Amino acid sequence: MADKLWKGRFTEKTAHVVERFTASIDVDKRLYRYDIDGSIAHCRMLAKTGIIAEADGDTLVQGLIQIRREIDSASFQFDEQLEDIHMHIESRLLEMVGKVAQKLHTARSRNDQVALDVRMYLRDALSDLIRRLAGLQRVLIDLAKTHIEVLIPGYTHLQRAQPVLLAHHFMAYVEMFHRDSQRMGECRVRTDVMPLGSAALAGTPFPIDRAYVAELLKFPALSANSLDAVSDRDFVIEFLSAAGLCMMHLSRLSEEMILWSTVEFGFIELPDAFATGSSIMPQKKNPDVPELVRGKAGRVFGHLVAMLTLMKALPLSYNRDLQEDKAALFDAVDTLTACIEVYSQMLPNIRIHPQRMEQAASSGYINATDLADYLAFQGLPFREAHHSAGQAVRLGLDRGKELHELSLADLQTCSPLVKEDIFDYLAARQTVNRRSGPGGTAKSAVMAAIQAAEQRLG
């Protein structure tokens, strides 16, 4: 077993309970590729600047490449006494190449090393999530195009409000996920900053070439302040905020999938492959996938609050509290990735029930606003038109009839401005919602929104 890196200062061995308590290898071992890539770039820079001999640099690089192969092949042995992935790699390198391995850490600290690893991990994760969100948007766009003629009730306060196109409803989520992608893209810019060279907190006296390391690791920018660089986790918090917003959008979509698949709504049926049954009630088909996505939103929200709480009282610069950042970050990435993936595969297979949707879009006095607009077009102030339309709804409720089922005489008791063309107007408004017209929910407007979204996605 390798000695602790700090053995010179201490006279007692680290207690076993402390080794177990402080070990993070079970969490941070997934950073191994980034840690090795960063170390290879660091070694090459040390050799290029003459800080170590070129032969030593080559030996270290070859050893690091071999360690990566061992971890890739699952032949690498992990031990909690070595605490983290950095110490595991350095210890194994010492076994492989001897004392030259002790030169690896020249002009570097675990503080800037871990900051580098986390940034490299997150920028890749963000790129992957942006790609996955684009795929989910395409799924929703395809659904919108396939069902462009279908009307559903639009809701406010979960009460039927006005008829809209189902495509318009799907496209609302395309816009939400587009904003999520934008936020993640902006977060990636602030993540893509190289902290290596900051050392523990105050830089290093060695003549390092940070720009060369940044070029090797494809970082477009260098951190400007070493104190900030080793202790900054704003980019993690920013990601968790973006992830939380995205999970909130997925949770809203989940709520609608759950409601729409109930017998009471009957708008959709979830595919059997994405639902479960009951252990006692044979008739049940449970929407477990959207329910779990809805539940997992709270998990990601919790990670955001945890990171804000973790950071809120930390003095400059690095503190061991920051070890807790990776559990929150990794789980949020995994959770969001899984939720986007399951929705991307489930949505294309849902069964739409257009007839049930159309029926709902034609009942519940959903054309009351159209009646108010009709009266306003006749010159009645809208507030009075609203009142008259409300009286017509009340009359319909008393008679057990929809507005278009009332007689002309009935409607004229609410306002003498109602003419014989009212029924043609109400029917035409239903057609306008589906086919043409200036409104944002009309087919022409929705098709334009679809085309714009497709152009954004490329």
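How much space lies in the largest cavity? In this predicted model, the answer is about 50 Å³. One cavity of 30 Å³ or more is found in the structure. Its lining is made up of H42, M45, A107, M194, L196, G197, I208, D209, R210 and V213. Two elements, α3 (32–48) and α8 (210–216), each give two or more residues to this lining. Sorted by class, the lining residues of the largest cavity comprise six nonpolar, two polar and two charged ones.

In soluble globular proteins, nonpolar side chains tend to be buried together. Here, the largest nonpolar core counts 113 residues, and F239, L250 and L347 have the most contacts inside it. Helix α6 (residues 110–146) supplies the largest share of this core, with 17 residues. Leaving aside residues up to four places away in sequence, F239 touches L122, L126, L129, C187, L329, A332 and V333. Another core lies apart from the largest one; it has 20 residues, including A372, L380, L406 and L411.

The cysteines complete the picture. A disulfide is a covalent bond between the sulfur atoms of two cysteines, and the structure holds zero of them. C339 takes part in no disulfide, and the nearest cysteine sulfur, belonging to C246, is 8.9 Å away. C339 is buried, at a relative accessible area of 2%. C43 is buried as well, with a relative accessible area of 0%.

Notes
Residues are numbered from 1 along each chain as its sequence is written. This is a predicted model: local features need pLDDT of at least 70, side-chain atom pairs count only at pLDDT 80 or more; totals for chains, interfaces and linings use all residues. Side-chain values use heavy atoms; hydrogens and water are left out. On a 1 Å grid over the protein atoms alone, a cavity is a set of points where a 1.4 Å probe fits but cannot get out, and a pocket is an open set with protein on both sides within 12 Å along at least five of seven lines; lining residues have an atom within 4 Å of a point. Grid points are joined across faces, edges and corners, and a volume is the space filled by probe spheres set on the points. Helices (H or I, at least four residues) and strands (E, at least two) are DSSP runs, numbered from the N terminus. Ala, Val, Leu, Ile, Met, Phe, Trp, Tyr, Cys and Pro count as nonpolar, Asp, Glu, Lys and Arg as charged, and the others, Gly among them, as polar. A nonpolar core is a set of buried Ala, Val, Leu, Ile, Met, Phe, Trp, Tyr and Cys residues joined through side-chain atoms within 4.5 Å. Buried means under 20% relative accessible area, exposed over 50%, partly exposed in between (1.4 Å probe, protein chains only). Contact means heavy atoms within 4.5 Å. A disulfide is a pair of cysteine sulfur atoms within 2.5 Å.
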